[in-house]
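Open the model in your viewer and keep the sequence at hand.

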Amino acid sequence: MAKLSLQEQLLKSGLVSAAQAKSVKSDKRKQTQQQRKNKVEVVDEAKELAQKAQAEKIERDRELNQLRQQQDEQKQLAAQIKQIVELNRLPRDAEGLAFNFTDNNKVKRLYVSEGMRDQIAEGRLAIVKLGQQYEVVSAEVARKIQSRDAASVIVFNEQNKTADVVDDAYAEYQVPDDLIW
């Protein structure tokens, strides 16, 4: 048994009259002839919608991939910083002097030896944040960390060469030896 076309099935079921089927067929034939004559393409809305949906999906996928890539890069940077700090951190002196510094507008305290305290103030050592802890590292290591994530370096007193040239209004006043901030 041969398959019937939709038009034949509608005629057979009585949903469409023969005149209506003939009218639809002639309209379709006229439309195709007019297209060939005028070389006009019929806009296929379904095809356009499908292409638009495909383009939107591609754009959405690209944005998601870019976001994932940025997150991966951030994880890699965090892992690099953690490794650098763990390999280069200097031992602290729990019975040493307190060195106070600020982190997110909160005063934090780290106990270091007097020599380390002086080196931090001079900019030869720096304090970096690793998770919730603070570690003391050398200036070279602090620069490496700063190039990856500046927010990880909490205290780094880099020597500013122009600061020496500027007149200090308090230069003639003596700073007491026992002054601890």
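Helix axes here are lines fitted to C-alpha atoms over the stretch in contact, and the angle between two of them is taken between N-to-C directions, on a scale from 0 to 180 degrees. The model is a predicted one.

**Stop 1: helix 5 and helix 3**

Select helix 3 (45-88) and helix 5 (residues 139-148). The two axes come within 10 Å and cross at roughly 170°. Angles over 145 count as roughly antiparallel, so helix 3 is roughly antiparallel to helix 5.

Now show the side chains where the two helices meet. On helix 3, pick L77, Q80, I81, I84, V85 and N88; their counterparts on helix 5 are V141, I145 and R148. By class, this contact consists of six nonpolar residues, two polar ones and one charged one.

**Stop 2: the two sides of helix 5**

Stay on helix 5 and select A139, V141, A142 and I145, which are buried. Look down the helix axis: these buried residues fall within an arc of 155°, so they line one face of the helix. Turn to the other side of helix 5 to find E140 and S147, both exposed.

What do the buried residues of helix 5 pack against? Helix 3 is one partner, and the others are strand 3 (125-130), strand 4 (133-138) and strand 5 (153-155).

**Stop 3: the largest nonpolar core**

Select V85, V128, I145 and F156. Within the largest nonpolar core, which has 13 residues, these four touch the most other members. Helix 3, strand 3 and helix 5 each give two or more residues to this core. Helix 5 provides the largest share, four residues.

Center on I145. Apart from neighbours within four places in sequence, I145 is in contact with I81, I84, V85, V128, A150, S152 and V153.

**Stop 4: A150**

From I145, move to A150, one of the residues in contact with I145. Where does A150 sit? A150 lies in the loop between helix 5 and strand 5. Its relative accessibility is 49%, so A150 counts as partly exposed; the exposed class begins over 50%.

To end, draw a distance between the C-alpha atoms of A150 and I81. These residues are 69 residues apart along the chain, and the separation of the two atoms is 11 Å.

Methods:
Residues numbered from 1 in each chain as written. Predicted model: local features only at pLDDT ≥ 70, side-chain atom pairs only at ≥ 80, totals over all residues. Heavy atoms only, no water. Buried < 20%, exposed > 50% of the residue type's maximum accessible area, 1.4 Å probe, protein only. Arc of directions from axis to C-beta. Contact = heavy atoms within 4.5 Å. Parallel < 35°, antiparallel > 145°, perpendicular 65-115°, else oblique. Nonpolar A, V, L, I, M, F, W, Y, C, P; charged D, E, K, R; others polar. Core = buried A, V, L, I, M, F, W, Y, C linked by side-chain atoms within 4.5 Å.
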